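Colleague: Could you take me through one part of this model up close, the charged side-chain pairs? I'd like to hear how they sit and what they join.

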Amino acid sequence: MFEETVYTGVDFSDAEILEEELSGMQFIRCTFNGADFSQIRLSGCRFEQCRFSGTAFNGVEAVRCAFIGCSFSYANCFASSFRDCKMTGTDFSGCVMDAVTIDRGDWRMTALSGYDFSGEKLSDVSFAESDLHGSRFDRCVFSRCDLTGADIHGASFRKADLRSCKLDQLHLDSADFKDAKIDLTQAVAFAETFGVKVIL
């Protein structure tokens, strides 16, 4: 289906992507609304300002890919995996995200509100300045992740392990951290949020 390596402004809506793997391709301001990417492996591909509304993206394996300023509104990403991917500014509103795997990567300024990541292990992922309001991270193990400046209003981190997380510039009193594990520095920040003076 793809004879070129770079596509700009092309409409691929409702297309069935038959390739088993796409590698090193670039798509700029392209539209994939309603297209079928099911079970495809994406390696080193770059998508800028592309639209995936209603796209079947289930079972996709994306490795070292970039999705910059894209929209996955109401797409189906069930059981997809994103490893070492850059997702800056991408919108997942209304997207099916069940059983999605996120392993390392830059997810800054993404829209991920209302999703359930409970029990996941998240390593080396930046959610800085992302919209995480109403999302669930119960029992998650965060390893070297960054939540700086994220919107966590109404989010739940019950029993999560946050000890190696960056929690700067957060409204800590707007989320549920019951039984979460935190380190000493984080404990001081939590105490100060609730008006407690800590003397070490």
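Modeller: Let's start with Glu-21, which is partly exposed at a relative accessible area of 41%. Keep in mind that this is a predicted model. The side chain of Glu-21 meets that of Arg-41 in a salt bridge, with 3.3 Å from N to O. Glu-21 belongs to strand E2 (residues 21–23) and Arg-41 to strand E4 (residues 41–43), so this pair ties together parts that are 20 residues apart in sequence. Arg-41 is partly exposed too, with a relative accessible area of 28%.

On accessibility, Arg-158 comes out partly exposed at 38%, and Asp-176 counts as partly exposed at 26%.

Then there's Arg-163 with Asp-161, whose side chains meet in a salt bridge at 2.7 Å, N to O. Here the two partners fall into separate classes: Arg-163 has 44% relative accessibility and counts as partly exposed, whereas Asp-161 has 15% and counts as buried. Asp-161 gets that label because buried means under 20% relative accessible area.

While we're on burial, have a look at Cys-70 as well. Cys-70 sits in the loop between strand E7 (66–68) and strand E8 (81–86), and its relative accessibility is 2%, so it counts as buried. What does Cys-70 touch, once residues up to four places away in sequence are left out? One set of its contacts is Phe-47, Glu-48, Gln-49, Cys-50 and Phe-52, and the others are Gly-89, Thr-90 and Asp-91. Phe-92 is worth checking in your viewer too: Cys-70 and Phe-92 are 22 residues apart in sequence, and their C-alpha atoms are 8.7 Å apart in space.

Technical notes
Residues are numbered from 1 along each chain as its sequence is written. This is a predicted model: local features need pLDDT of at least 70, side-chain atom pairs count only at pLDDT 80 or more; totals for chains, interfaces and linings use all residues. Side-chain values use heavy atoms; hydrogens and water are left out. Helices (H or I, at least four residues) and strands (E, at least two) are DSSP runs, numbered from the N terminus. Buried means under 20% relative accessible area, exposed over 50%, partly exposed in between (1.4 Å probe, protein chains only). Contact means heavy atoms within 4.5 Å. A salt bridge is a side-chain nitrogen of Lys or Arg within 4 Å of a carboxyl oxygen of Asp or Glu.
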